[in-house]
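Trainee: I'd like to learn how to read this model, one feature at a time. Could you walk me through it?

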Amino acid sequence: MLKIEKVPIITVLIVCVTIGYSTFVSYSLTDSFIGKISIIDLVKYGGLTPNSLYEFEYWRLLVSQFIHVKQLHMVYNVLSFSLLGMLLEKHLGSKFLLVLWFTSGALGTLYSTHFVSYPWNIGTGASQAVLGVSSFALLLVFVKEHTSRILKFAVVFSILPAMTLDFIYAHYPKPGHVLAICIGLAMSLFFYRKNKSYFDNVAI
C-alpha cells in the first residue's frame with residue numbers, strides 16, 4: 001500500500017546539504033561563495049571519476065551530486081528540485097524519492113564521465129538527479145487527465161533550460177542527462193503501473 005508522506009523531509013534534506021556543501025567547497029577553493037571553480041579541483045571534495053570506483057570510493061556516487069563548478073548552476077538545480085520534491089514526495093514517499101534521486105543522479109553522473117577526456121572527466125553536480133526526477137513527473141503530466149499548473153511549470157522549468165544549454169554549448173543532449181531522463185521515465189512507468197488507481201484519483 002502506498003504510504004503518503006506529510007513532511008517532505010528528503011527534499012528538505014537534499015536541498016540543505018546541496019546548498020551547504022556546495023557553498024562550503026566554493027568558499028574553500030576561491031574564498032568566495034560564488035567563485036569560479038576548476039572542475040579538476042573538485043576531485044578532492046568528492047568529484048566522481050571512473051577510476052575512483054576501482055579504488056572502492058563509492059561514497060563519491062553520493063557526494064559528487066552536491067558539488068558544482070558554478071554556484072548559479074547549483075541555485076538553479078536546488079530551485080528545480082525544491083519545486084519537484086515538494087510536489088512529489090508526499091505522493092511517492094520519502095524512500096522512493098530518495099532512490100529515484102540517487103539512482104538517476106549517480107548513474108547519470110558516472111555515465112557522463114565516459115564522454116570527457118582526462119583529466120576533465122570528473123562527474124559533479126545535481127543536474128542528472130534533477131532531470132531524473134523531472135522526467136518521472138513528466139510521465140505523470142501526460143498520463144493523468146488533470147495535473148496542477150505548478151507541476152507542469154516545475155517540469156518545464158527543470159528540463160527546458162538544461163536541454164537548451166546542452167544544445168548551445170555541446171550541440172547535443174549530454175549523455176549523462178539523457179540517461180538520467182531515461183531512468184526517471186522507466187521508474188515513473190513502473191511506479192505508475194503499480195499505483196495506477198491512486199494516481200488516477202489524486203490531484204497533483
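**Reading the model**

Mentor: Helices (H or I, at least four residues) and strands (E, at least two) are DSSP runs, numbered from the N terminus. Keep in mind that this is a predicted model, where local features need pLDDT of at least 70, side-chain atom pairs count only at pLDDT 80 or more, and totals for chains, interfaces and linings use all residues. Residues are numbered from 1 along each chain as its sequence is written, and side-chain values use heavy atoms, with hydrogens and water left out.

Trainee: What counts as a cavity or a pocket, and which residues line the largest cavity?

Mentor: On a 1 Å grid over the protein atoms alone, a cavity is a set of points where a 1.4 Å probe fits but cannot get out. A pocket is an open set with protein on both sides within 12 Å along at least five of seven lines, and lining residues have an atom within 4 Å of a point. Grid points are joined across faces, edges and corners, and a volume is the space filled by probe spheres set on the points. Here the count is 1 cavity of 30 Å³ or more, and the largest cavity holds about 50 Å³ of space. Its lining is Ile-14, Val-15, Thr-18, Asn-77, Val-78, Phe-81, Trp-101, Ala-126 and Val-130.

Trainee: How does that lining divide into nonpolar, polar and charged?

Mentor: The classes go like this: Ala, Val, Leu, Ile, Met, Phe, Trp, Tyr, Cys and Pro are nonpolar, Asp, Glu, Lys and Arg are charged, and the others, Gly among them, are polar. For the largest cavity, that gives 7 nonpolar, 2 polar and no charged residues.

Trainee: And how much space lies in the largest pocket?

Mentor: About 1100 Å³. There are 36 residues lining the largest pocket, and the closest to its centre are Ile-39, His-73, Thr-124, Lys-174 and His-177. H7 brings the largest share of the lining, 6 residues. By class, the lining of the largest pocket has 18 nonpolar, 15 polar and 3 charged residues.

Trainee: Which residues touch the most other members in the largest nonpolar core?

Mentor: A nonpolar core is a set of buried Ala, Val, Leu, Ile, Met, Phe, Trp, Tyr and Cys residues joined through side-chain atoms within 4.5 Å. Buried means under 20% relative accessible area, exposed over 50%, and partly exposed in between (1.4 Å probe, protein chains only). The largest core has 39 residues, and Phe-81, Leu-92, Val-133, Phe-136, Leu-151 and Phe-199 touch the most other members. Two or more residues of this core come from each of H1, H4, helix H5 (94–112), helix H6 (127–143), helix H7 (149–169) and helix H8 (175–194). A second, separate core of 7 residues includes Ile-37, Ile-39, Leu-42 and Ile-122.

Trainee: How many aromatic pairs are there?

Mentor: Rings of Phe, Tyr and Trp (its six-membered ring) pair if their centres lie within 6.5 Å; planes under 30 degrees apart are stacked, over 60 edge-to-face, and the rest tilted. The whole structure has 14 aromatic pairs. Tyr-21 and Phe-24 are stacked because their ring centres are 6.1 Å apart with planes at 25°. They sit 3 residues apart in helix H1, so about one helical turn separates them. Tyr-21 is partly exposed at 24% relative accessibility, and Phe-24 is partly exposed at 47%. Phe-96 and Phe-191 make a tilted pair, 4.3 Å centre to centre with 45° between the planes. That pair links distant parts of the chain, with Phe-96 in helix H5 and Phe-191 in helix H8, 95 residues apart.
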